[in-house]
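Subject: Structure for you to look at

Hello,

Here is the structure I said I would pass on. Please have a look at it, and then read the notes below.

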Amino acid sequence: MLREIQGAMLDLVEERGLDATTVGDIAARVGISERTVFRYYASKEHVLMPGQQNLIEALVDHKSTSSGASGILGDLLSRCRELFALEVEQSDFRRISRLMVKEPQILRIAMHQERILVKALSEALTHRGQLSQLRALLVAEVVTAAWRVAWQTFGQRETDGIDADPVAIFDETVRELGMLFPRA
């Protein structure tokens, strides 16, 4: 049922655009009631990117065994990579990535969810006493940026007709990030 709802949402957004797609349209396409859609999803935006909430919960709940900002960052990026691979496997990742490039509003929705991730993750790291507020915020921003850059790079390559492996792009993103700040 969940995949059918998400597939209908993607079809409709590809056909009409996000603004012109309603929960009623999604329900009608699947042959269910709007109430049934809302039983599984909080909004049409959530239908489009259900993995975002899972990402937030998984990263906030992740307890790093490392100490210090760089170790915690490494642990979180590793966990993020696992979640990225899972997202690729379990959703219409390619379609959503292409839509993010074509529909600026979808990118804005993702950016809003990223702000929620940064806030929740930095607060969790601070609350657990793992990092100072400033370092926790920096770590949360870097993890979120790696996720975003990998998604956007993959989406752009897909849109340009370039065959790409999303997990390899995530790995490339993390490598490039490491090269920006070489250890002294």
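The axes of helix 7 (residues 93-102) and helix 9 come within 8 Å in this predicted model, and they cross at roughly 90°. Angles of 65 to 115 degrees count as roughly perpendicular, and helix 7 and helix 9 are therefore roughly perpendicular to each other. On the side of helix 7, the contact is made by F93, R94, I96, S97, R98, M100 and V101. Helix 9 brings W151, F154, G155, Q156, E158 and T159 to the contact. By class, the residues of this contact are six nonpolar, four polar and three charged.

The other topic is empty space inside the protein. Rolling a probe the size of a water molecule over the atoms shows where such space is left. A search of the whole structure gives three cavities of 30 Å³ or more. The volume of the largest cavity is about 50 Å³.

Which residues line the largest cavity? They are M49, Q52, M100, A110, E114, W147, R148 and W151. Two elements give two or more residues to this lining, helix 8 (104-127) and helix 9 (133-159). Helix 9 has the largest share, with three residues. Five residues of the lining are nonpolar, one is polar and two are charged.

The two topics meet at M100 and W151: both belong to the contact of helix 7 with helix 9, and both also line the largest cavity.

Regards

Notes. Residues numbered from 1 in each chain as written. Predicted model: local features only at pLDDT ≥ 70, side-chain atom pairs only at ≥ 80, totals over all residues. Heavy atoms only, no water. 1 Å grid on protein atoms, 1.4 Å probe; cavity = no way out; pocket = protein on both sides within 12 Å on 5 of 7 lines; lining within 4 Å. Points joined across faces, edges and corners; volume = space filled by probe spheres on them. Helix = DSSP H or I, 4+ residues; strand = E, 2+ residues; numbered from the N terminus. Nonpolar A, V, L, I, M, F, W, Y, C, P; charged D, E, K, R; others polar. Axes fitted to C-alpha atoms, helices over the stretch in contact; angles between N-to-C directions. Parallel < 35°, antiparallel > 145°, perpendicular 65-115°, else oblique. Contact = heavy atoms within 4.5 Å.
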